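Welcome, and thanks for taking a look. Please open the sequence and the coordinates side by side, and we can walk through them together.

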Amino acid sequence: MLRDADIAMYRAKAAGKACYQTFDRTMHEQANSRLQMEIEMRRGIESGEFIVYYQPIVNLETDRIIGFESLVRWNHPERGVVSPVEFIPLAEETGLIVPLGLRILRESCRQMREWQSLTSSLSELTISVNLSCKQFSQPDLVEQVAGVLAKTNLDPRCLKLEITESHVMENSQAAVAMMNRLVSLGVELSVELSLDDFGTGYSSMSYLHRLPANFLKIDRSFVSRMIENDENYNIVHTIIRLAQNLKMKVIAEGIETAEQLSQLKKLGCDCGQGYLLSKPLTAEAAGALLDSREGSPYWQAFNPAGNNAVTKCKVEVSYISDLNP
Ligand code: C2E
Ligand code: MG
Ligand code: MG
């Protein structure tokens, strides 16, 4: 009875605290499957089942790749490739995101350094790594990032840390202090705005000028709805103007259609990523994309030469997707 009451109490806390929940058997089953998943995650971290995929980020003026966002996947021995949407929330809740996030950061920086060492023309390429709320509030985060940069020998300017705006706003003063410490390492900071958080709670664009970030990321929730009506289009327009006034560069996420791409280009959005340009790729496929040898199948994909760069992207990317089940 105590065990079951405890499960119901945690459910009530998760539902926003000032409420009650009555225990039923499905709660016990769910608690069991979460515990099972936590055990499997611990084992998976140790045995290297978590792998990093890389999604190209493209300069919308030149159509060239300027970097990648690293996105984790769980290569589960029985379930196959598991999406981060399924395991990141539990990893955050259990604190496992801290060791997992450190591994992702280390691997992403190591991989970027390896790509950069192929040719000097790639020395400006950046790697964007997502930081969860829990990681962001770790007191030794700055030391961890500095340690990874030193170990992998990556230029700090090539590392971009992505933080969600709603997380920053929950504890704005401490967050700004942490961001300033990260900036002092020389890394870039990108703050992501999501329509789901927009205008709720602490989330407010009026705080943006206080943040020492030089990139603003527009989440897919905005981009996917911008064609629907004028109101959504105007919101994206306003965000891009605001970012420009604050001297921040804008990255739009989740570009799926040629129409979205051309609207974003018209609005002066600096960079973009999305399935239209490329899905997240394995390290091997992403590396092949960077192969700048003329005649390589990937060379023209993001080459600005020619007026139909986007058409070329589509053709080449469908080819790459074949490599990426
Ligand atoms: P996010 O940081 O907003 O990442 C973008 C998500 O949108 C990725 O999903 C990406 O695959 C997906 N995406 C990109 N372009 C398109 C598109 O054109 N259409 C559609 N439908 N989706 C697109 P993914 O990889 O499933 O990651 C989901 C979320 O999980 C990420 O959202 C991020 O919040 C979290 N996440 C992923 N990797 C990591 C990580 O290494 N650490 C942490 N802390 N969180 C991560
Ligand atoms: Mg991200
Ligand atoms: Mg997003």
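Which residue caps the N-terminal end of helix 3? Ser 83 does, with a side-chain oxygen placed 3.1 Å from the backbone nitrogen of Val 85. Please keep in mind throughout that this is a predicted model.

## Helix 3 and its two sides

Helix 3 covers residues 84–94, and its buried residues include Pro 84, Phe 87, Leu 90 and Ala 91. Looking down the helix axis, the buried residues fall within an arc of 150°, so they line one face of the helix. The other side of helix 3 carries Val 85 and Glu 93, which are exposed.

What do the buried residues of helix 3 pack against? Their partners are helix 2 (25–46), strand 1 (50–59), strand 2 (65–76), strand 3 (80–82) and helix 4. After helix 3 comes Gly 95, which has a positive phi near 85°.

Let us turn to the metals, starting with the magnesium ion (ligand 2). Glu 69 (OE), Asn 130 (OD1) and Glu 162 (OE) coordinate the magnesium ion (ligand 2) at 2.1 to 2.3 Å. Along the sequence, these donor residues follow the spacing E-x60-N-x31-E. Distant parts of the chain are linked here: Asn 130 sits in strand 4 (residues 126–130) and Glu 162 in strand 5 (residues 159–164), 32 residues apart.

Buried or exposed, how does Glu 162 count? Glu 162 is buried, because its relative accessible area is 2% and the cut-off for buried is under 20%. Asn 130 is partly exposed, at a relative accessible area of 33%.

The magnesium ion (ligand 3) is coordinated by Glu 192 (OE), Asp 219 (OD) and Glu 253 (OE), at 2.0 to 2.1 Å.

## Around ligand 1

There are 24 residues around ligand 1, and Arg 73, Asn 130, Glu 253, Glu 256 and Tyr 275 come nearest.

Some polar contacts are worth a look in your viewer. A polar side-chain atom of Glu 253 lies 3.1 Å from an oxygen atom of ligand 1. Arg 220 places a polar side-chain atom 3.1 Å from a nitrogen atom of ligand 1. For Glu 192, an N or O atom of the side chain is 3.2 Å from an oxygen atom of ligand 1.

## The nonpolar core

Which residues touch the most other members of the largest nonpolar core? Of its 81 residues, they are Phe 68, Leu 159, Leu 161, Leu 182 and Leu 264. Helix 4 supplies the largest share of this core, with nine residues.

Setting aside neighbours within four places in sequence, Leu 161 is in contact with Leu 105, Val 129, Leu 131, Val 145, Leu 182, Val 187, Glu 188, Leu 189 and Ser 190.

Gln 135 lies in helix 5 (residues 133–136) and counts as buried at 8% relative accessibility. The side chain of Gln 135 reaches the backbone nitrogen of Ser 132 at 2.9 Å. Beyond residues up to four places away in sequence, Gln 135 touches Ile 97, Val 98, Gly 101, Leu 102, Asn 130 and Leu 141.

Glu 124 is found in the loop between helix 4 (97–116) and strand 4. At 61% relative accessibility, Glu 124 counts as exposed. Its C-alpha atom is separated by 6.6 Å from that of Cys 158, 34 residues apart along the chain.

Notes. Residues numbered from 1 in each chain as written. Chains lettered and ligands numbered in written order. Predicted model: local features only at pLDDT ≥ 70, side-chain atom pairs only at ≥ 80, totals over all residues. Heavy atoms only, no water. Donors = N, O, S within 2.8 Å, 3.2 Å for Na, K, Ca; no water. Helix = DSSP H or I, 4+ residues; strand = E, 2+ residues; numbered from the N terminus. Buried < 20%, exposed > 50% of the residue type's maximum accessible area, 1.4 Å probe, protein only. Arc of directions from axis to C-beta. Contact = heavy atoms within 4.5 Å. Polar contact = N/O pair within 3.5 Å; in protein donor to acceptor, adjacent residues only side chain to side chain. Core = buried A, V, L, I, M, F, W, Y, C linked by side-chain atoms within 4.5 Å. Near = heavy atom within 4 Å.
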